[in-house]
Amino acid sequence: MLELNIKNETARLRAVVLGVATSNGPIPTVEEAYDPKSLEHIKAGTYPIEADMVSEMDEVNKVFQKYDIKVFRPEIIDNYNQIFTRDIGFVIDDMFIKANILPDRDRELTAIHEVIDQIDPDRIVTAPDDVHFEGGDVMVWNDYIFIGTYKRDDYKEQITARTNMAGVKFIEDLFPNKKVLSFDLVKSNTEARDNALHLDCCFQPIGLDKAIIYKDGFYNESEYNSLVDIFGFENLFHIDREEMYNMNSNVFSISPTVIVSERSFTRLNTWLIDRGFTVEEVSYNEIAKQEGLLRCSTLPLIRD
Ligand SMILES: NC(=O)NCCC[C@H](N)C(=O)O
């Protein structure tokens, strides 16, 4: 049995599911794209090729091996995108919550049955169909749960809106002892620079008391301000629109002091090193073309 334990985003990692890029399928058509950055690269003829993405993920796996982390990989479904394992489910405390994900992605969950089969069935939660959430929108941070959502009437027309208010309510009811804060995120189906696809595309806690944040990813300044109040302005690394587009908030913590980051994130990595973090630099720019990065492609199961 896997003794699930996730209480925050940064405690020492012991077990994780890392997505897989093998048999990722043919280049999607414009109609098949479900995020604006993939769409941009499909149109420009620069959509990433499988071999490059496989080698990028291998590099991350090597970092996990270096830190003696147990790594699970999804079973490969032929011609199916299984890179962004974060979104298909998530662990809070000792519970595994199966995500109600975008229908285009719903086969991804079946591919981690090796992991699901090792979890006590009493600790697995499935939500009703009208309750939507993806793991990229959900972050447990000790007494808090932060949830990215989309609160507007055109939710159904926004393929980039993946977590609804029914999803927020469902998690609130499941964890009555945690303080749940929801954030209305800026969405665009067509312009990746104006799209906070998930909460982890515009915000992520790091270390013990710090976070990376893109202010304009939040519709409501008051919701952004609630994070400033929790972390303190001086502990926030603010990224700009281009850094958000390049996914600087989507690094991944192995511990409160060790962070896996993209090697081109010079300004962020320098800030981290100046504050005593160890930065494990990897290349992930091909995967980034699909509007996801390191947090998106990992699903932590056990942290200290
Ligand atoms: N947590 C994340 O932000 N995941 C990235 C998912 C990217 C994928 N192209 C999607 O649109 O679902």
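User: What makes a segment count as one of the helices or strands here, and how many are there?
Analyst: Helices are DSSP runs of H or I with at least four residues, strands are runs of E with at least two, and both are numbered from the N terminus. By that rule the protein chain has 7 helices and 15 strands. This is a predicted model: local features need pLDDT of at least 70, side-chain atom pairs count only at pLDDT 80 or more, and totals for chains, interfaces and linings use all residues. Residues are numbered from 1 along each chain as its sequence is written.

User: What does pLDDT say about the protein chain?
Analyst: pLDDT is the predictor's confidence in each residue, from 0 to 100. The protein chain averages 97, and 100% of the residues score at least 70. The model scores ipTM 0.95 and pTM 0.97.

User: Why does the radius of gyration agree with a compact globule?
Analyst: The radius is taken over C-alpha atoms, and the globule rule is 2.2 Å times the number of residues to the power 0.38. For 304 residues, a compact globule would have a value near 19 Å; the protein chain has 18 Å, so the two agree. Its C-alpha atoms fill a box of roughly 45 × 45 × 45 Å along the principal axes.

User: What makes a residue buried, and what share of the protein chain is buried?
Analyst: A buried residue has 20 or more other C-beta atoms within 10 Å of its own, with C-beta atoms placed from the backbone. Of the 304 residues in the protein chain, 45% are buried.

User: How do you know that β3, β4 and β5 pair, and in which directions?
Analyst: Two strands pair if DSSP finds at least two bridges between them. β3 and β4 share 4 bridges and run antiparallel. β4 (residues 95-98) and β5 share 2 bridges and run parallel.

User: Which residues illustrate the pairing and the turn?
Analyst: Val91 stands opposite Phe96 in β4. Ile97 has Val125 in β5 as its bridge partner. β3 and β4 form a hairpin with 2 residues between them, and Asp93 in the turn has a positive phi of about 55°.

Terms used: Buried ≥ 20, exposed ≤ 12 C-beta atoms within 10 Å, placed from the backbone.
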